[in-house]
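Q: I'd like to learn how to read a protein model piece by piece. Can we go through one together?

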Amino acid sequence: MPYPKNLETKLEFDQVKEMVKARCLSVMGQQYVEKIRFVNRLDLLSRMLEQTREFKVILSEDQPFPADHYFDISHSLSKARIEGVWLLEEELHQLKLVLSAFLQITRYLRDRAGKYPQLEALLDGLIFNDLLIRRIERILDLEGNMKPNASPELAKLSAKINEREAEIRKRINKLFEKNSDLGYLTEQIGITIRDGRLVLPVLAEHKRHVPGFVHDESQTGQTVFIEPTDCFDLNNVLRELQISYRRERERILLEITDQIRPHIPEIELNMNRMGLFDFIRSKALLALEMKADLPLLSKHPGLELYQAYHPILKMNHDKQGITTVPLSLKLNNQSHIVVISGPNAGGKSVCLKTVGLLQYMLQCGFLVPCQSHSVMGIYKEIMVDIGDEQSIENDLSTYSSHLLHMKNFCDFADGKTLFLIDEFGTGTDPQFGGPLAEAILHQLMQKRAHGVITTHFSNLKNFAANNKGLENACMLFDHEKMQPLYQLELGKPGSSYAFELAYKSGLPETIINYAKNKVGGKQKKVDDLLLELEKEQKQVRDLKQRLSEKEGRAEVMSEQYERLKADLENQKREYIKKAKQEALALVSEANAKVEALIREIKENQANLESQRKARTEIKETIQELKTFVEEERQKELEQKAEVLKPADGEIKVGSKVQLRDQESVGEVLELNKNKAVVALGGLRTTVDIKKLVLLKQEQAKPQIREASKGIDLNDKMRNFQAELNLIGTRGEDAILKLREYLDDAHLLGIKQVRIVHGKGYGILRKLVREFLAGQKYVTRVQDEHIDFGGDGVSLVTLD
């Protein structure tokens, strides 16, 4: 479990909780924030994190999640449990809105079944009955007021009330006009209502002239509000109707409350689940703002953080336009304790808190701001010693409180513990504090606990350098500008830059020199070596950065070259296509001329001279066509020659070859006398060496890309069938199909095929056998076995 009790405050996790609470829509969601606990069970933690990740996807990529009417109706439900008590219209209206909101959530996830499995699983076991919604809607309007026709009796009473009110209004209007003409009424005030009854505003000096019941008077006493005697009976009847209306309304409310009462437990479950959805939504919202992600989880303790940020610091910096430097750090069995050193205000404590806060956030179900390929394990306990905990009440000094924490660390830490110690060993005489801190670090190292500590003590840096499982790290410093870079570098300790910072702060040089003389020569030499090492490493980093920039520019130029090359190839293809289209147009034009001349000869029955003239024109047209086609063919051959030229030499294993009269290019895998096994793309085939053309090695690659645009042997092999059925095919069509089929079989290196021609009168069989006999690559033709078709099927063996 986390130690100490105020760990959340020390790691600033309490601020994260407040940020989540501020994003909650409901009190139920905020109650879940208060229930956040540190979890060390991988199955439960994985489920919580996956729920948040799925909700983050919804918020960033899907339609808006239902986010209205997350009301806390727990008080109304408690009230409804009591027999004889009814819910008021506004309470029923709020209940209906909550039920409708949960129905919308259910439909939203059901409509996306399987897309958000962990969120959808939260609906398992819940009972939802929309009958209550329909019952409430039957008696309440959209504003939450009871409908006049909520029941037949209420509708009847409502009609009677309207009728009586109209009659009273009519009668009192007459009385108002009469007394107004007599000057008995106040001119500034019309008919008004007092105690639910219509009254006349009578001047006080004339109240004896208007008989009736006095209900009220104005503040000045000059106006008296009188209900006329003529309206008594009608108002009494109206009051009785209103009382009956109220009783019927209460009866309806009591009835609907009685119907709700048995469903209260399931309503409470649904309401709590709405609070959970609200809570997960708030975490996902915060994750989006923090640019947080779900790292890879490991059941074993350990950390492998890449580009991690302290979320609160990052959000504050983003508001101010300040760049936040990311952190990368590893904790594993080979390096389970990292000792960070470096200048004050260089970011050591921020690194420490970042590690602690991210691990605590993760094990509380939060996504964390780091690269998604980061790996985070599960720790059983997190223990921290950060800040000053001196207490007058408990008689604890700063150092005493540190020692108390160290005792607990040494007693309870183990290989499943993550500990964090800031400014290790400070608070007492360095001569004694340093060795004591080293002894505690030795104990924690033997327990195989994982941890991060910050220190200025040289003996701790030396201890980390000389012991397996510990690793030094430093916060980088800019020597030229004399300011920290807030970058963590693993593998070496850092200097405190005490004298350099003293120079920068303006301390007199005499004081600084006096202090330097007090420092031991050995210690001063070590510190100087660290400074030189950091300077050299900074130079190496700068060189690497410049090299990386040059490589980036080279990649960009390479991409531009490839694009330009592709554009040129496309243009070349377009030119060839255009030339072919022009040739086709020329052929069409020539055909048209020939046909026109022939038609002219026939129509005019031309003499020999006109025939010779026509023949000359035809020959010229044909010659023109041949010349154009030959020129285009020559251009195409020249373009191909740039890519592919036959090479001199002997074909051997590994040679790049091309099939004669085809564009397919492959590589020779095996040689067997006068045969070669050639790889053509993803296909292996055996070919006669005489059918192969040897290519130059450096020229084969481009042609392979071009060959892919010709015959697709892979596609032919996938679609090839070892049997050709010719039954029902006419003679000429059958021979055409058979010719194409055998050509494909020979090209693909197929050794034997079946030709199904049937028996019948033997005509088709005879045609097939005669055709096969004339094919030079057919070595043998025989009848199929009697059980598989006999002489109705020819087995053909190819060379």
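Predicted model: local features only at pLDDT ≥ 70, side-chain atom pairs only at ≥ 80, totals over all residues.

Q: Then what is the strand order in the open sheet of six strands?
A: Reading across, the order is S10-S11-S12-S8-S13-S14, and the pairing is mixed. S10 (381-385) and S14 (483-490) are the edge strands, each pairing on one side only. From one strand to the next, the twist averages 15 degrees.

Q: In which sense do S10 and S11 pair?
A: A general idea to start with: along a regular strand, side chains alternate between the two faces of the sheet. As for this pair, S10 and S11 (residues 417-421) run in the parallel sense, with five bridges. To find your place, look for Val384, which stands opposite Leu420 in S11.

Q: Which strands does helix H13 lie across?
A: H13 (residues 348-362) lies across S8 (335-341), S10, S11, S12 (450-454), S13 (469-478) and S14. Its direction is at about 155 degrees to S12. Helix H15 (residues 430-446) packs on the sheet too, where it touches S8, S11, S12 and S13. The angle between H15 and S8 is about 155 degrees.

Q: How many residues sit between S3 and S4 in their hairpin?
A: Five residues lie between them, and Gly221 in that turn has a positive phi of about 80 degrees. S3 (residues 212-217) and S4 (residues 223-228) run antiparallel and are joined by five bridges. Here Asp216 is the residue opposite Phe225 in S4.

Q: On to helices. At what angle do the axes of H4 and H11 cross?
A: In general, you describe two packed helices by the angle between their axes and the distance between the axes. The axes of H4 (residues 42-61) and H11 (residues 264-290) cross at roughly 70 degrees and come within 8 Å. H4 and H11 are therefore roughly perpendicular to each other. Their crossing is right-handed.

Q: Which residues of H4 and H11 meet?
A: From H4, they include Met48, Phe55 and Leu59; from H11, Phe277, Ile280 and Leu288 are among them. By class, the contact of H4 with H11 has nine nonpolar, three polar and three charged residues.

Q: Are H17 and H18 roughly parallel or roughly antiparallel?
A: H17 (residues 498-505) and H18 (residues 509-518) pack at about 170 degrees, with axes 10 Å apart. That makes the two helices, H17 and H18, roughly antiparallel. Phe499, Ala502 and Tyr503 in H17 meet residues of H18 that include Ile512 and Ala515. The contact of H17 with H18 holds five nonpolar, one polar and two charged residues.

Q: Why is the pair of Tyr3 and Phe409 edge-to-face?
A: Ring planes over 60 degrees apart count as edge-to-face. The planes of Tyr3 and Phe409 are at 75 degrees, with ring centres 6.3 Å apart, so this pair is edge-to-face. Tyr3 lies in the segment before H1 (7-10) and Phe409 in H14 (residues 398-412), so the pair ties together parts 406 residues apart in sequence.

Q: What kind of peptide bond joins Tyr3 and Pro4?
A: The bond between Tyr3 and Pro4 is cis, with omega about 0 degrees. Pro4 is in the segment before H1. Then there's Lys291, which is not a glycine but has a positive phi of about 55 degrees. You'll find Lys291 in the loop between H11 and S5 (296-298).

How values were computed. Residues numbered from 1 in each chain as written. Heavy atoms only, no water. Pairing = 2+ DSSP bridges. Helix = DSSP H or I, 4+ residues; strand = E, 2+ residues; numbered from the N terminus. Axes fitted to C-alpha atoms, helices over the stretch in contact; angles between N-to-C directions. Contact = heavy atoms within 4.5 Å. Parallel < 35°, antiparallel > 145°, perpendicular 65-115°, else oblique. Left-handed = near helix turned anticlockwise from the far one by under 90°. Nonpolar A, V, L, I, M, F, W, Y, C, P; charged D, E, K, R; others polar. Phe/Tyr/Trp six-rings, centres within 6.5 Å; stacked < 30°, edge-to-face > 60°.
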